[in-house]
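Here are my notes on the model you sent over.

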Amino acid sequence: MCGIIGYCGNKPAAPVVLEGLKCLEYRGYDSVGVAILCDAQLLIRKDAGKIEEVSEKHGLDSLPGNIAIGHTRWATHGSVTQANAHPHSDCSGRIAVVHNGIIENYQELRQELISQGHRFSSETDSEVIPHLLEDELKSGCSLEEAVLAIAPKLEGSYAFLVLSRDDSGKIVGTRKNNPLVIGADGHAYYVSSDALAFSQYTNQVITLRDTEVVILTSDKIEFLDAAGNRLTKQSEELDSSWAGNHKDGYPFFMLKEIMEQPQVLSKTAYQDERKFTDIALDILRARQVIITACGTSRYASLVGRYLFSKVGKKFCDVVMASEFGYFADSVDKNTLVIAVSQSGETADVIEGVKAARDAGAEIVSIVNRPNSILADLSHQVIPLNCGPEIGVAATKTFLSQLAVFYLLSFSMVNSFDKACIQLSDMSSKITEALNCNNDGLIKLSQELKDKNNFYYIARGINFAIASEGALKLKEISYIHAEGMPAGELKHGTLALIEQDTPVVVICPADYAYSETLSNAIEAKSRGAYIIAVSDKESDIYDFWIKIPEVDELLYPMVAVVPLQLLAYYMAVSRGYDPDKPRNLAKSVTVK
Ligand code: M6R
């Protein structure tokens, strides 16, 4: 869960790499570092802290040289210290490496290298890479030959870039299970975990596949396969929505992304009807359908499950991706797996999908990030078309995932067009749900910012919205929050309700209204402060988040957006940065 970037060209490299790292900060933001080649010197500067802080402290912006690599870290092995920040080097300081991923066999490799006399300066798994390269390079081979030689020794996942003082003028990179994309603008070459890091310079992107090696110099790029044979690779045009990384006047990306949702919906609905019909038929024909995802994507999947049942009369299960492997025994060629992931990089999802593919299952993925690893592994890919989502808390991509499930379920009954029309009407409803609650939610967040516990309840198709509302609140405002089916409250959690405990009740005027309201009354009788998300008034509400009336299958869309806003304002009221919550990163590429 780190971001890496390399640049080779005729401009000063440091500003390009630093700007790129800022675009990659969503992948990790606890430490930063760069390595730069200048006059046959390899300069390495790194530290714990955010990019701006480290850059200012170490004068990163003014480092000389036209070839550099950089890294933004989310710590996995080793605490957040200067020594553990990347780039890492070999014993002689002649090699610099930035790595994203986890080298699972690093302990054995490290012990072996230490017994041969190597000296390590960090606690990271990544540092074995430069030391392994150091040994290979002693035989006089080229940097790319050294990379090819050590790659088979590394278990786990990686995308790494290498600079060497002795083989200067080039950056060599390779990957396994972690992304690496290359861009060219006619004057320079870029390589990164995400094209977003160089999208301001070029929209031509080449995706490196597992075990392939890329060699960048200032005037050419070359590709090798794992055996060292030359490869020809074609560039693809980057979707224009994927360029740009600006807050557009909003104080945080999260607020911008929440407010973008009315427009996002129409972009998502712009889909290939034929593809949806084919996938819908496959879903109906499959003996079993399993949806797998994590976090917010899993909550969207739970809404999808209700839609499949209500509209398509097709039962399916949603399995948390981190638990998917434990059900692998029942996956076979009659299984259709729908993998849902904004990033298309989530390690738990990727692992499950690989296992399911090996067992013969058909894989359909719903992803936001183009050229992602998950998209590569899938037989069919449904894009969310949302453009980059930078805030760690997923917002617009959740809404977009709901829209995809809505389209898929209606495709099961040959009504794709009807669903598209319904979705196009939803943009104004979402705007209404945002606008008419904004000021009230600012006040509510001030009132409730010192509460320690929140409970979110709902029934039926909205149950997952209770869980999603709670997840949003806890991940960015660090308040304990639980979401659950309203009927479950009395089976244990009711014991935790005290005077003024906030209970958020999602109770639109649908088939579950009366029962949900009864559960809210049970909580209120024990002192709960009831915050209702509904289009129907009731005097039991202490605070009413008013949503527009819509078809009952569309309530999740209008109910979730004010809950995202509530979480956002709670985080801001408590003085936290909602874009960069502590301990979290947007792409979770570790298991
Ligand atoms: O990229 P993915 O959709 O696979 O990510 C899954 C979760 O890590 C993600 O939804 C996470 O729960 C978000 N931070 C929630 O806001």
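1. Ala293 first. At 0% relative accessibility Ala293 counts as buried, where buried means under 20% relative accessible area, exposed over 50% and partly exposed in between, with a 1.4 Å probe and protein chains only.

2. What does Ala293 contact, once its neighbours within four places in sequence are left aside? The answer is Arg298, Ser301, Val319, Met320, Ala321, Val340 and Val349, with contact meaning heavy atoms within 4.5 Å. Asp332 is 39 residues along the chain from Ala293, and their C-alpha atoms are separated by 19 Å.

3. Some ground rules. This is a predicted model, with local features needing pLDDT of at least 70 and side-chain atom pairs counting only at pLDDT 80 or more, while totals for chains, interfaces and linings use all residues. Residues are numbered from 1 along each chain as its sequence is written, and side-chain values use heavy atoms, leaving out hydrogens and water.

4. On to the open sheet: 8 strands, antiparallel pairing, in the order β3-β2-β4-β1-β10-β9-β11-β15 (two strands pair if DSSP finds at least two bridges between them). β3 (41–48) and β15 (236–237) are the edge strands, each pairing on one side only. Strands β1 (residues 3–9) and β10 (residues 188–192) run antiparallel and are joined by 5 bridges; Ile5 has Ser192 in β10 as its bridge partner.

5. Helix α1 (residues 13–24) packs on that sheet and touches β1, β2 (31–38), β4 (67–73) and β10, its direction making about 155° with that of β1. For such angles, axes are lines fitted to C-alpha atoms, for helices over the stretch in contact, and the range is 0 to 180 degrees between N-to-C directions. Helix α2 (residues 51–58) lies across β2 and β3, at about 130° to β3.

6. Salt bridges: the count comes to 27, taking a side-chain nitrogen of Lys or Arg within 4 Å of a carboxyl oxygen of Asp or Glu. In the Asp278–Arg274 pair the closest N and O atoms are 3.7 Å apart. Both lie in helix α8 (residues 273–285), 4 residues apart, about one turn of the helix. Asp278 is partly exposed at 30%, whereas Arg274 is exposed at 60%.

7. Glu515 and Arg459 also form a salt bridge, at 3.5 Å. This pair links distant parts of the chain, 56 residues apart.

Terms used:
Helix = DSSP H or I, 4+ residues; strand = E, 2+ residues; numbered from the N terminus.
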